[in-house]
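Hi,

Here is the structure I promised to pass on.

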Amino acid sequence: MAGPNVIESEEHIMKMARQIKSVTNQLGLKLIFKSSFDKANRTSAQSFRGPGLEEGLKILEKVKTTYDLPIVTDVHEPYQCEAVGKVADIIQIPAFLCRQTDLLVAAAKTGKVINIKKGQFCAPSVMANSAEKVRLAGNPNVLVCERGTMFGYNDLIVDPRNLEWLREAACPVVADVTHSLQQPAGRKLDGGGVASGGLRELIPCIARTCVAVGVDGIFMEVHDNPLKAPVDGPTQWPLRNLKDLLEELISIARVTRGKKKMEIDLRPVDEEF
């Protein structure tokens with residue numbers, strides 16, 4: 001799952017979809033295009049949020065039909081789910097809202113695949129309950145997504161153990177390798193106020209780790225000009241570097257046994273074994 005964090009304009013989103021699909025086609029990867037029509041949980045009330053539900057869905061539908069791409073986008077309120085379900089193939093539940101029962105149920109009732117991001121404040125065991133809420137609403141099509149855990153006031157940490165424990169939710173596990181490196185409210189702005197920072201240079205480190213552990217999918221935000229991105233610029237991966245990183249991740253995926261549990265033999269060892 002890849003794309004810019006938020007829809008900046010129709011022209012930009014169409015360009016990004018075309019260019020990212022070109023990369024994934026060259027590598028034989030399945031792409032689900034991602035972008036948000038509204039970033040409702042911005043740090044500041046002055047932050048760019050996107051075009052909104054109606055206009056955003058029109059743009060995403062154009063991406064879908066023009067480039068024959070499945071779409072993933074997020075919802076924030078139950079009333080949005082029906083409209084989003086008519087366009088998106090995967091409905092994403094933001095991390096802050098991963099336990100919101102009404103939102104999970106409304107998303108589930110669309111019948112679409114539901115990708116639930118693990119809250120930064122949650123243990124991985126919580127996600128089994130969130131996934132079960134979707135199933136109890138009649139929808140077995142659910143994913144859970146690791147996106148880091150709070151580590152102090154302005155930082156996140158990625159605990160590789162979570163990628164193993166999230167499998168207890170009995171569904172595919174996705175790793176968000178870009179949001180996991182946010183530093184929430186960790187960047188002071190000129191003139192006062194704060195914004196989220198991030199550690200872009202560690203995206204390859206986290207991506208390599210997650211693929212080696214054996215996740216079922218990767219989520220990453222990709223931008224053609226990260227330094228000018230209006231939202232989460234510090235944790236968007238440069239389009240120019242996308243192919244190189246994905247080639248390495250494919251190589252890791254081909255050799256890892258991360259999805260296979262290693263049988264631990266605790267019998268004592270004699271001279272010969």
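Below is what I found in it.

This is a predicted model, where local features need pLDDT of at least 70, side-chain atom pairs count only at pLDDT 80 or more, and totals for chains, interfaces and linings use all residues. Residues are numbered from 1 along each chain as its sequence is written, and side-chain values use heavy atoms, leaving out hydrogens and water.

The chain has eight helices and 13 strands (DSSP runs numbered from the N terminus: H or I of at least four residues, E of at least two). Its C-alpha trace spans about 70 × 40 × 40 Å along the principal axes.

Helix α1 (residues 10–27) packs against helix α2 (residues 53–67) at about 35°, with the axes 10 Å apart; axes are lines fitted to C-alpha atoms over the stretch in contact, and angles run from 0 to 180 degrees between N-to-C directions.

Elsewhere, the charged end of Lys-117 sits over the ring of Phe-219, 3.9 Å from its centre (NZ of Lys or CZ of Arg within 6 Å of the ring centre and within 35 degrees of the ring normal).

Best wishes
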